[in-house]
Each structure stands twice: as C-alpha cells, then as structure tokens.
Amino acid sequence: MTELTEKIGKYKSELTAELKNILQYWSDRTPDELHGGFFGRLDNNSRVIAEAPKGSVLNARILWTFSAAFNNAADDEYLKIAGRAYDYISRHIIDQEYGGVYWSVDFKCRPLDTKKQVYAIAFTIYAFSEFYMASADEAVKQKAIDLFYQLVEKAYDPIQTGYFEAFTKEWQPMGDLRLSTKDANEKKTMNTHLHVLEAYTNLYRIWPDKALKQHIEVLLNNFFDHFIDQQTYHLALFFDEDWNPRSGLVSYGHDIEATWLLLEAAEVIGDERSGDKIRELTIKMADETIKAVDADGGLWYESEPGEDHTVKEKHWWVQAEAMVGFFNAWQISGDQKYFNQSLASWEFVKEKILDKVEGEWFWGINPDSTVMQTEDKVGIWKCPYHNSRACLEIIRRIG
C-alpha cells in the first residue's frame with residue numbers, strides 16, 4: 001500500500017466517523033419537543049435559545065442533511081429526523097396561500113418574516129428532492145416541482161435571464177433584497193444563483209424534465225458570462241438587473257465551492273461541453289483560491305482587492321468547501337498538491353474548528369486563532385449542511 005493510498009483510506013475513515021458525530025449532535029440537541037420541529041438557535045456553548053426564530057434555510061438544510069445521510073447509509077433514525085423536518089416545513093414554512101416559503105417563523109411556528117427569498121426556496125427544492133430519494137413519496141416530488149414552477153414564474157428574468165433576489169409575501173417587488181446584513185442590496189447575486197443551480201441539479205436527478213434542463217443550462221451560462229471573472233478567476237458576487245457588476249468583493253469559500261457544484265450540474269444533465277469548460281476553469285480558480293490559504297492550512301474568509309483588505313477569519317463552511325473543492329481539483333488534474341490541500345483543510349478543521357467538548361463545529365476562528373465565541377452553533381445560517389455535505393461528498397468520491 002502506497003503512502004497516498006493510506007492517506008486516502010484514513011481520510012475516508014475519519015470523515016465517516018465525523019459525519020456520525022455531526023448527525024448525532026443534531027439528533028440529540030436540536031429537536032424542539034415542546035413546539036415542534038427544531039430549535040432556531042443554540043449559542044456557541046450549545047445553550048438552547050428556545051424563543052429564537054426558526055429559519056427556512058436551517059430547516060431545509062436539516063432535511064437535506066438527514067435525507068442524504070439516509071441515502072448514504074440506510075439508518076432509520078436518519079429518515080425519522082428527515083421526516084420531522086419535512087413535516088415541519090410542509091405545515092409551517094410553506095406559504096399555502098401565495099406559494100414559496102417564509103424566510104422564518106417564530107418559535108411557536110407562526111409566520112414571522114414572510115418575504116420570499118429565492119435562496120430559501122432553492123434550498124427547499126434541494127431538500128425535497130433529496131427527501132424524495134429517501135422516502136419515494138410522490139407528494140414530496142410534486143412539491144419540489146411546484147416550487148420550481150413558482151420560481152420560474154415569479155422570480156426568473158425572461159429578458160436578461162437570471163433570478164431576482166427577493167419579493168414580498170405576495171411576490172411583489174421590495175426594497176431590501178439582502179440575504180443578510182453582510183450582503184449588498186442588489187437584484188441579482190452569485191450566491192443565490194449558485195444554490196438555485198444546486199437545487200435544480202438535485203431536482204433533475206429525480207425529474208429529468210426538458211424545461212428544467214434548459215434552466216440549468218442557462219444558469220451555467222450565467223456563471224460563464226457574468227459570475228466568473230475571466231481575468232482574476234474569482235467570482236463576482238453582486239449585480240444589478242442588467243448584469244452590471246456592483247462589487248469587487250472576493251469570497252474564497254464561494255470560489256472553491258462553485259467549482260465542484262458547477263461541474264456536478266454539467267455532469268448530471270450530460271453537458272460534456274460545459275463540463276470540459278468547467279474543468280479547465282476549476283484548476284485556475286483553485287490556484288487562485290490556494291493563495292488565500294494561511295500557513296496553518298485554514299482558508300481565509302474574503303477580501304476586497306481594490307481596497308487591499310483581507311478578512312482573515314476562518315469560517316467553518318469555508319473550510320468544508322475547501323475540503324471538497326480541492327479534492328475535486330485533484331481528481332480533475334491528478335496533481336497531488338490539491339489532494340494535499342484538501343487534507344490540510346481537514347487537519348485545520350480537526351485542530352481548530354471541531355468543538356471537542358460540546359460537539360459540532362465552531363462558527364470560525366479569529367485572525368489570532370481564538371474561537372469566534374459570539375457566533376452560533378445552530379442558527380439561521382449555522383446548519384449541518386456544509387460540514388455533513390463535505391463528509392458525504394468526499395466519502396462518495398473515495399468510494
């Protein structure tokens with residue numbers, strides 16, 4: 001057995017164990033037995049904030065995670081948790097009157113923030129598609145298809161292509177389109193399009209519809225034509241409705257995440273031409289991303305090159321995406337430096353990001369290597385999706 005083979009085997013073994021740890025944490029700590037569904041927030045020390053809002057993205061990502069875990073290893077406990085998430089979303093988060101999903105409900109399941117954020121609807125499609133694979137329930141599949149049709153009807157730009165960010169409960173235009181306070185208030189964003197693409201790709205696996213395929217092809221072209229900067233090989237993040245760029249911000253986690261999600265989409269729909277194009281871009285984007293890896297193996301959060309400013313925090317999801325993205329670059333190129341970086345990202349996670357006392361992953365590490373204590377362990381954005389998906393994806397790729 002070669003040294004590389006040993007490293008690969010050890011990597012798979014460790015990620016298999018870590019996946020179980022992540023799932024156990026969420027199974028044990030997050031179900032809300034009083035009000036239903038899952039708690040909306042646990043702080044960095046895993047203390048339950050019982051009256052926190054319950055986000056649609058959090059619930060969709062729980063549903064996807066436990067559905068994908070069941071599809072990987074048919075453990076009935078995983079299917080039970082997935083069923084709990086599906087039931088909660090169906091009963092309380094889907095807007096039965098106007099369609100789509102609410103951004104959040106309160107801790108007693110009442111609608112709270114009722115805006116229609118395309119990003120949240122995309123994650124619901126993604127999760128329902130995965131749950132259909134686990135449950136074989138035709139009603140689940142139909143709900144995912146219905147949400148696809150709603151997005152195309154309500155949010156798609158038939159003139160310039162792409163998807164507008166957000167709408168009111170009644171699907172009317174609104175002023176504040178932002179996913180979070182960290183984002184620019186623009187009509188089209190890379191992040192939303194990336195996860196609409198991911199959602200549609202998963203839906204296509206269970207429903208290979210011609211119109212759906214065409215929308216995936218358009219999304220891939222949006223990345224080729226607008227989001228991927230052909231000079232810097234970073235992603236442009238924010239645009240107006242006419243695809244004029246509105247920011248020079250670089251997000252390293254999104255750069256490396258996009259490489260493998262774009263290739264996955266092309267492969268699922270059988271688009272060899274786009275696949276070849278993405279493979280070439282992947283190596284160029286990976287080479288740019290690797291420049292933002294610190295000496296300890298962790299990947300920085302973001303930068304503003306025009307202002308010569310870099311945010312050297314190391315967030316959990318960025319490291320998870322680095323694990324998969326660099327592994328994917330190694331598989332494409334055969335260059336072991338990318339495998340070594342994927343492994344270095346995991347070693348950084350083990351050393352700095354894993355909470356060895358309470359479980360799960362810390363939100364992140366400050367530039368001085370201290371834990372970001374004021375961030376969530378569970379929350380609107382802190383979900384089991386990035387880390388469990390990284391484990392599942394690399395386990396699958398190793399085989």
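Entry 1. I started with Arg205, which is partly exposed, with a relative accessible area of 40%. This is a predicted model, so I keep in mind that side-chain atom pairs count only at pLDDT 80 or more. What does the Arg205 side chain meet in a salt bridge? I found Glu264 there, at 3.1 Å, N to O. Glu264 counts as buried, at 15% relative accessibility, because the cut-off for buried is under 20%.

Entry 2. Next I searched the whole structure for salt bridges and got 32. I looked up Asp157 and Lys188, whose side chains meet at 2.8 Å, N to O. This pair also joins distant parts of the chain: Asp157 lies in the loop between α5 and β5 (166-167), and Lys188 in strand β6 (residues 188-189), 31 residues apart. Are these two partners buried or exposed? Asp157 is buried at 6% relative accessible area, and Lys188 is buried at 0%.

Entry 3. I then turned to helix α12 (residues 385-398), where Arg397 and Glu393 are 4 residues apart, so about one helical turn separates them. Their side chains form a salt bridge at 3.0 Å, N to O. Arg397 is buried at 18%, and Glu393 is buried at 8%. I also noted a network in which salt bridges with shared partners join Lys10, Glu14, Glu347 and Lys350.

Entry 4. On to the nonpolar side. Which members of the largest nonpolar core touch the most other members? I have Tyr200, Leu220 and Trp361, out of 138 residues. Helix α4 (residues 118-135) gives the largest share of this core, 13 residues. I listed the contacts of Leu220 beyond four places in sequence, and they include Leu197, Leu262, Ala265, Ile269 and Ile278. Asp271 and Ser274 are among them too.

Entry 5. β1 pairs with strand β2 (residues 104-105) over 2 bridges, and I see Lys54 opposite Val105 in β2.

Technical notes:
Residues are numbered from 1 along each chain as its sequence is written. This is a predicted model: local features need pLDDT of at least 70, side-chain atom pairs count only at pLDDT 80 or more; totals for chains, interfaces and linings use all residues. Side-chain values use heavy atoms; hydrogens and water are left out. A nonpolar core is a set of buried Ala, Val, Leu, Ile, Met, Phe, Trp, Tyr and Cys residues joined through side-chain atoms within 4.5 Å. Buried means under 20% relative accessible area, exposed over 50%, partly exposed in between (1.4 Å probe, protein chains only). Contact means heavy atoms within 4.5 Å. Two strands pair if DSSP finds at least two bridges between them. A salt bridge is a side-chain nitrogen of Lys or Arg within 4 Å of a carboxyl oxygen of Asp or Glu.
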